[in-house]
Amino acid sequence: MADKNLPEPQAALPPLRPEPEKPKRQFGQWFLLIAAVIALAAAVVFVVLRIIDPPTSPQANNVQRNEAPGLDGVIAENMPPEQLLLGDCLRGFATPLDPQTIVTCDSSHNAQLIGTFELEGDAESEYPGTDELLTQSEDLCKSISLDPSAGIDSTWTYHFSRPSKATWDKGDRLVSCFLSLTEGNVRSSLLPATDDAASTPSAKPTEEATASSEENNA
């Protein structure tokens with residue numbers, strides 16, 4: 001006889017299937033893609049703005065001269081040395097290579113650009129050397145004719161800029177000549193009223209006024 005206490009047979013269960021893997025979130029790749037798009041857009045905007053509004057030309061930085069100076073006599077401030085003109089009277093002068101304050105010569109000042117010269121030598125000529133240029137520059141500056149009534153004495157000092165090796169190789173041949181007071185100020189020009197000191201050098205000033213120093217062009 002069959003045992004009535006045995007459990008009834010169960011239907012066979014289907015085999016278990018593994019769950020499909022969920023796709024990994026690629027946040028890192030999306031972030032890099034978005035960043036690249038933003039950078040490209042910024043670059044495009046920058047280029048467009050440069051085309052529409054180009055940067056200021058260096059010529060626009062030229063310092064303008066005041067054609068009608070006030071009671072202080074200031075014609076221009078922070079004037080680059082290369083923009084100075086023959087006869088400019090300078091207030092607060094220290095060296096020829098500094099930006100200068102130009103004033104009227106009948107106002108208080110302590111220096112003046114008394115002349116400029118172009119040294120001989122074409123673009124291919126060899127740099128003559130520091131000592132040779134120093135001698136040439138000093139001789140040229142001391143050859144400038146000054147106003148005898150200006151009262152030049154030992155309190156005045158020559159300063160001059162001259163080409164360096166680097167600027168000579170770029171074609172620089174300019175020597176600029178300055179006279180400055182050791183201390184104090186004056187209110188008159190050192191140049192004769194009708195004399196172009198840079199182009200018609202004549203007698204040099206007295207020996208008491210020949211203390212000199214030199215500066216290299218940058």
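Which residues have the most contacts inside the largest nonpolar core?

A: This is a predicted model, where local features need pLDDT of at least 70, side-chain atom pairs count only at pLDDT 80 or more, and totals for chains, interfaces and linings use all residues. Residues are numbered from 1 along each chain as its sequence is written, and side-chain values use heavy atoms, without hydrogens or water.

Ile114, Ile144, Leu146, Cys177, Leu179 and Leu190 have the most contacts inside the largest nonpolar core, which has 20 residues. Two or more core residues come from each of strand S4 (111–118), helix H2 (130–142), strand S5 (156–162) and strand S6 (174–181). S6 gives the most, with four residues. A core here is a set of buried Ala, Val, Leu, Ile, Met, Phe, Trp, Tyr and Cys residues joined through side-chain atoms within 4.5 Å. Helices (H or I, at least four residues) and strands (E, at least two) are DSSP runs, numbered from the N terminus.

Take Cys177. Cys177 lies in strand S6. Leaving out residues up to four places away in sequence, Cys177 touches Gln112, Leu113, Ile114, Gly115, Phe117, Cys141, Ile144, His159 and Phe160. Touching means heavy atoms within 4.5 Å. Ile114 and Ile144 are on that list, and both are also among the residues with the most contacts inside the core.

A second, separate core has 10 residues, including Ile75, Leu84, Ile102 and Ala111.

Cys177 also takes part in a covalent link. A disulfide (cysteine sulfur atoms within 2.5 Å) joins Cys177 to Cys141, with S to S at 2.0 Å. The torsion about this S-S bond is about -80°, so the disulfide is left-handed. Cys141 sits in helix H2 and Cys177 in strand S6, so the bond ties together parts that are 36 residues apart in sequence. Both cysteines are buried. Buried means under 20% relative accessible area, exposed over 50%, and partly exposed in between (1.4 Å probe, protein chains only).

The count comes to two disulfides. The other one joins Cys89 to Cys105, with S to S at 1.9 Å. Its torsion is about 95°, so this disulfide is right-handed. Cys89 belongs to strand S2 (residues 89–91), and Cys105 to the loop between strand S3 (100–103) and S4, so the pair ties together parts that are 16 residues apart in sequence. Cys89 is buried, at 1% relative accessible area, while Cys105 is partly exposed, at 21%. Counting bonded cysteines along the chain, the pattern is 1-2, 3-4.

S6 turns up again at the largest pocket. The pocket holds about 190 Å³ of space. Its lining has 14 residues, and Pro81, Glu82, Ser161, Leu174 and Ser176 are the closest to its centre. S4 and S6 each supply at least two lining residues. S6 gives the largest share, three residues. A pocket is an open set of points on a 1 Å grid over the protein atoms alone, where a 1.4 Å probe fits, with protein on both sides within 12 Å along at least five of seven lines; lining residues have an atom within 4 Å of a point. Points join across faces, edges and corners, and the volume is the space filled by probe spheres set on them.

Glu124 is in the loop between S4 and H2 and is exposed, at 73% relative accessibility. Asp169 belongs to helix H3 (residues 165–169) and is partly exposed, at 47%. The C-alpha atoms of Glu124 and Asp169 are 8.2 Å apart, although 45 residues separate the two along the chain. Asp169 and Tyr127 are 42 residues apart in sequence, with 7.4 Å between their C-alpha atoms.

One backbone detail stands apart. Asn78 is not a glycine, yet has a positive phi of about 55°. This residue lies in strand S1 (residues 74–79) and is exposed, at 56% relative accessible area.

Last, the whole chain. The protein has three helices and seven strands. Along the sequence, the order is α-β-β-β-β-α-β-α-β-β. Of its 218 residues, 31% are buried. Among contacts with a separation of 6 or more, 68% are between residues 24 or more positions apart.
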